[in-house]
Amino acid sequence: MAKMVKLNNGAEMPCVGLGTWKSPPGKVAEAVKTAIASGYRHIDGAYVYKNEVEVGEGINAMIQQDVVKREDLFIVSKLWSTFHEKSMVRPACEKTLSDLKLDYLDLYLVHWPIGFKPGGDVLPLDSQGLAIGSDTNFLDTWEAMEELMDAGLVKAIGVSNFNKDQIEAILNKPGLKYRPANNQVECHPFLNQDKLIDYCRSQGIEVTAYSPFASPDSPWAKPEDPSLLNDLTIKAIAEKYKKTPAQVLIRFHVQRNVIVIPKSVTPERIRQNIQVFDFELTEDDIQILLALDMKWRTCPLLMCQHLKDYPFHAEF
């Protein structure tokens, strides 16, 4: 079982969860079942992953088989950017709950600070292949997220891909009712996010690392991209502990008290990815991994960099 990280709403969030981005329907329900059977209690999903029905099937199968109770699970989903209009937030959350066949979410995140033009396309593009934004303001979106808390649909709310200034804007919002509990961001040794993590911690906001292996299977991956799993430094540390490079990359976050959500649909890898509590990296190992930082993003969302709330122009 994974150790817990305490959120600012008092809830405990397992520090290792199963990521489901790019997990295909047809495989993801089995992945969720394997994960829960292997001791995972935290499942991370999102509307835009287009697999929440199957994620829900996996969760509910394990509840019905008495492997786990709903209250023992920590289920996360995310509000997509085409639903930033205040009036669209609750229906979007209710759609996710309906697809998952659940009564509530443990944590619901604003997936990106950027708002997209509402409509059928999850990523509306213009003739030049650039994203079409909306004139929504994420501070208004946050008010609608707070209403989900009051309605009992979600136990905690947070953000994803927000930079320091954007989080500060929420924290300084007049009439703020609920502070973000979590900021989920890309994080791995090539993008260690130390400044953003320190800032979030100073504000009582826990951080979740997505793409802990730098997503070599992402839709934007290129053959020349740097490879974490094949990095000689990481491989050498793995050999020292007789662990896989993936296990070292997960343990790196666990020891920084950062929540981490490795994605896999391969049963053996799903099991290996939570077997990270029987060894400990030295402080030297952590410093060596931190020194690999090159501010390299696997998920820069370049088609959005012209939009007003694009988060990655800022240093952190």
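**Close-up views of a predicted model**

**View 1. The largest nonpolar core.** Of the 102 residues in the largest nonpolar core, those touching the most other members are Val16, Tyr108, Met145, Val154 and Cys304. A nonpolar core is a set of buried Ala, Val, Leu, Ile, Met, Phe, Trp, Tyr and Cys residues joined through side-chain atoms within 4.5 Å; buried means under 20% relative accessible area (1.4 Å probe, protein chains only). The model is predicted: local features need pLDDT of at least 70 and side-chain atom pairs pLDDT 80 or more, while totals for chains, interfaces and linings use all residues. Residues are numbered from 1 along each chain as its sequence is written, and side-chain values use heavy atoms, without hydrogens and water.

**View 2. Surroundings of methionine 145.** Beyond its neighbours within four places in sequence, methionine 145 is in contact (heavy atoms within 4.5 Å) with Leu79, Val89, Tyr108, Leu109, Val110, Ile157 and Gly158.

View 3. Eight strands (DSSP runs of E, at least two residues, numbered from the N terminus) form an open parallel sheet in the order 3-4-5-6-7-8-9-10. Strand 3 (18–19) and strand 10 (259–260) each have a single partner strand, so one side of each lacks a neighbour in the sheet. Strand 7 (residues 157–160) pairs with strand 8 (residues 182–186) in the parallel sense over two bridges; pairing requires at least two DSSP bridges. Serine 160 stands opposite glutamine 184 in strand 8.

**View 4. Threonine 208 in strand 9.** Threonine 208 lies in strand 9 (residues 206–210) and is buried, with a relative accessible area of 1%.

Terms used: Helices (H or I, at least four residues) and strands (E, at least two) are DSSP runs, numbered from the N terminus. Buried means under 20% relative accessible area, exposed over 50%, partly exposed in between (1.4 Å probe, protein chains only).
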